[in-house]
Amino acid sequence: MGQDHSSTARREVTPEQLTQHLALTFSKKCYTELELYCFKQVFRSLADTEASVGRYWTEATLCRFLELPDVLGVGPVLFQMATYLGVFPCSSLAPTMMTMEAMLTTITLMTGRYKSILKRGERDRNRLLYAAAAVFDKKIGDIMSSEEALEETLKGVQGFAIDKPKEDTIEEDDEDELTMSALDELDAVGAVGLADQPKIRHSIIPMDNFLRLVQLLLLIAPLDALEPVAAYSDQLSEDNLKILRDVATAILASFDVEGRPGITYKAFTAVIPNTLPHLFLGLDALFEHFLYPRDSDPSRTKDTTISAPSSPVQSSQMTAEKQKALPPLLPQDGDILNRAVLSQLSFFITPSTLFRRLHYLYSGNSHGFSLQSLEKHVFTWRAPTILLVTGTLLPANPTNSRERGFVDSLPPKRYPNSMTNGVGKRVTYGIYLTTPWKSTHKSHFGDASTMLFQLSPTHDVFRASTVNTEYGSYTTPTGANLHGGINFGSPLPMSAGSKASATHGSSLSQYVPLGPVSLFLDDSLEFGVFTHTAAGGGSFFPSVSPARTRPAGAQSTAASPTQAADVNTTAAIGPTARRRSRAGSLASQLGSPTSPTSTSSANATPTPATNTRTGSGNNWQDRFEIEALEVWGCGGDEEAVRRKKRIDDEEREARLRREAVAKTGDVDADREILRMAGLIGHDQGGSMG
């Protein structure tokens with residue numbers, strides 16, 4: 001009897017009561033008293049007031065407090081996300097007024113503090129962030145269903161099952177575990193109104209909105225909770241903004257937005273966990289700003305306007321002193337690596353190994369394009385390294401003897417390049433290694449944490465397989481080994497005198513070995529080739545990006561302006577304001593490159609790179625002439641000190657050898673003396689020649 005009454009009581013809890021109860025639970029279990037005091041002080045000092053709702057924040061207030069740069073036009077996007085998150089777990093109430101309770105819930109979800117009471121993983125937070133940025137309409141689900149049916153029909157060979165990356169099976173309209181966890185915490189699983197939650201299948205993130213959000217995330221990727229966003233205003237100059245947009249466009253291209261008005265949940269869940277797992281980390285620090293006292297910063301008044309990059313950095317004296325004491329985020333711009341690309345790397349490489357921890361080890365343009373120069377500058381580094389290479393795509397038919405010599409060294413079976421009319425266009429690839437480099441005529445180096453990746457024109461990450469461990473090799477050409485170079489994901493070169501070569505003839509040794517997913521740079525560091533075979537079977541998994549897994553011939557049906565224009569994207573947020581469209585109009589996403597909320601040319605939406613699926617569908621091979629090659633060492637000043645000691649020891653040994661030779665002129669006798677002294681031989685190695 002008592003149990004029946006309790007169940008009835010739970011079912012009668014309204015969604016409005018649930019959101020309020022959850023905000024109260026968050027305040028008690030996720031924050032200290034000081035943090036709550038700071039939050040309330042900040043909120044009340046900047047809030048507007050209306051009799052029917054009490055204190056609340058407007059979009060302008062949120063943008064002003066977080067110091068969101070006007071030039072990025074991201075304020076409306078972030079505010080729309082906040083008005084959705086503020087009514088968690090009852091999204092049917094969105095959009096909401098940003099009252100104190102709604103703002104606290106938003107902060108708890110944005111910063112990940114909910115994890116102390118809601119024991120769920122990142123996947124459900126990503127789902128929530130997707131829903132917060134998405135437009136919901138049933139017609140979108142119908143359009144996507146017709147596309148998926150076509151793609152299923154066109155699917156061909158899927159490759160070896162063992163080569164497919166492990167991924168969770170995600171049904172788009174399954175119960176949201178994070179929401180269920182919140183309801184469990186409130187003992188309100190049977191609350192009324194929950195059946196009215198919008199279906200995530202009937203949603204899409206407008207392309208322009210997501211591009212603006214990614215630009216912000218690139219800007220704030222290294223942000224600390226005590227740093228103001230304005231501290232990065234130097235990245236908002238005209239030249240840096242162009243770089244920022246180019247990087248954001250490459251990231252956007254991985255979501256298969258070609259011919260679509262935006263990003264579907266299916267594409268989102270395929271890309272984020274595999275190639276952008278740290279994409280939203282910057283939001284943690286950004287919303288932590290609510291939890292620190294602002295009394296020391298008199299510039300933060302209600303009428304203050306932040307307009308980067310012309311506005312000065314606004315920070316307390318303590319923050320300024322901390323900034324001066326820290327090493328720079330990047331010691332210097334490289335030929336390829338800059339601040340925007342560094343943030344892009346931090347989206348899939350642990351940020352703590354990158355920001356303020358990199359050392360410029362080698363640059364082809366500075367140190368010379370040769371294996372010997374690279375070996376001299378890189379092999380003494382014993383911590384993780386990042387190799388980046390940029391080049392222009394070669395034509396299918398060589399135009400000079402150098403190109404012909406390189407192309408003739410590749411296996412005869414070739415694929416078209418990754419872009420339509422891509423000849424002469426620039427591509428950037430890279431490798432992340434956690435093990436030291438070494439010369440490897442008989443074995444490979446690298447481990448399962450090695451990552452092969454592409455940065456432009458499409459962002460992609462190819463993670464290591466644990467079945468085939470041919471991760472990396474560094475070989476110099478010899479009489480027996482015709483093909484030296486740097487190779488990732490391929491077998492070692494076949495020597496002319498090997499048993500396999502003798503058995504199969506000279507054909508095996510005359511070509512460079514290329515793995516199914518591999519990157520090869522020739523011994524002159526003049527040319528490179530990236531090979532991608534969808535069937536897999538090598539040391540790196542093939543791409544899981546929707547832009548590259550959609551079967552050849554599958555065309556988007558979501559690009560119809562007529563269908564897109566029918567999507568209703570406006571909703572009221574309360575008695576004092578009407579919420580801006582999440583997408584403006586999806587039709588404008590297709591027909592206009594500018595945002596409906598801004599006419600600035602700085603906000604124009606770049607067109608993502610066209611990714612061809614010609615030839616064998618998802619197979620491609622980018623053969624390119626190298627323009628820039630560089631290697632960066634991760635590990636900070638500690639590893640730099642150890643590296644300097646190793647270099648000094650090697651130079652001392654070399655000097656002693658030269659001095660010994662100069663004194664006696666007897667090479668054999670001097671060698672024996674040095675060996676007896678322990679300076680050469682054993683593990684030290686060396687040569688008198």
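Which residue in strand 17 is the bridge partner of His-532? In the predicted model described here, local features need pLDDT of at least 70 and side-chain atom pairs count only at pLDDT 80 or more, whereas totals for chains, interfaces and linings use all residues. Residues are numbered from 1 along each chain as its sequence is written, and side-chain values use heavy atoms, with hydrogens and water left out.

The bridge partner of His-532 in strand 17 is Trp-620. This pair belongs to the antiparallel pairing of strand 14 (residues 527–532) with strand 17, which are joined by 6 bridges; two strands are taken to pair if DSSP finds at least two bridges between them. Helices (H or I, at least four residues) and strands (E, at least two) are DSSP runs, numbered from the N terminus. Strand 17 also pairs in the antiparallel sense with strand 7 (residues 385–393), over 9 bridges, and in that pairing Val-389 has Leu-629 of strand 17 as its bridge partner. Strand 6 (residues 358–363) likewise runs antiparallel to strand 17, with 5 bridges joining the two, and Leu-358 stands opposite Cys-634 of strand 17. Of the 15 residues of strand 17 (residues 620–634), 13 are buried, so this strand is largely enclosed by the rest of the structure; buried means under 20% relative accessible area, exposed over 50% and partly exposed in between, with a 1.4 Å probe and protein chains only.

The chain as a whole contains 24 helices and 17 strands, and buried residues account for 53% of its 689 residues. Among contacts (heavy atoms within 4.5 Å) between residues at least 6 apart in sequence, 77% join residues at least 24 apart.

An open sheet is formed by 3 strands in the order 3-4-5, with antiparallel pairing. Its edge strands are strand 3 (135–136) and strand 5 (262–263), each of which pairs on one side only. Strand 4 (residues 203–206) and strand 5 pair in the antiparallel sense over 2 bridges, and Ile-205 has Ile-263 in strand 5 as its bridge partner. Helix 10 (residues 207–220) packs on this sheet, where it touches strand 4 and strand 5, and its direction makes about 55° with that of strand 4; axes are lines fitted to C-alpha atoms, for helices over the stretch in contact, and angles run from 0 to 180 degrees between N-to-C directions.

Helix 10 also meets helix 5 (residues 75–85), the two axes coming within 9 Å and crossing at roughly 95°. That angle makes helix 5 roughly perpendicular to helix 10, given that angles under 35 degrees count as roughly parallel, over 145 as roughly antiparallel, 65 to 115 as roughly perpendicular and the rest as oblique. Val-77, Leu-78, Gln-80 and Met-81 of helix 5 make the contact with Asn-209, Arg-212, Leu-213 and Leu-216 of helix 10. The residues of this contact divide into 5 nonpolar, 2 polar and 1 charged, where Ala, Val, Leu, Ile, Met, Phe, Trp, Tyr, Cys and Pro count as nonpolar, Asp, Glu, Lys and Arg as charged, and the others, Gly among them, as polar.

For helix 3 (residues 33–46) and helix 6 (residues 100–111), the axes come within 11 Å and cross at roughly 125°, and the two helices are therefore oblique to each other. Leu-36, Phe-39, Lys-40, Phe-43 and Arg-44 in helix 3 meet Met-100, Met-103, Leu-104 and Ile-107 in helix 6, and the residues of this contact comprise 7 nonpolar, no polar and 2 charged.

Several loops hold backbone features of note. Most residues other than glycine have a negative phi, and most peptide bonds are trans. The peptide bond from Phe-88 to Pro-89 is cis, with omega near 10°, and Pro-89 has its place in the loop between helix 5 and helix 6. Ser-456 and Pro-457 are also joined by a cis peptide bond, with omega about 5°, and Pro-457 lies in the loop between strand 9 (451–456) and strand 10 (460–463). Glu-67, in the loop between helix 4 (59–66) and helix 5, has a positive phi near 60° and is buried, with a relative accessible area of 3%. Asp-256 has a positive phi near 60° in the loop between helix 11 (238–253) and strand 5, and counts as buried at 5% relative accessibility.
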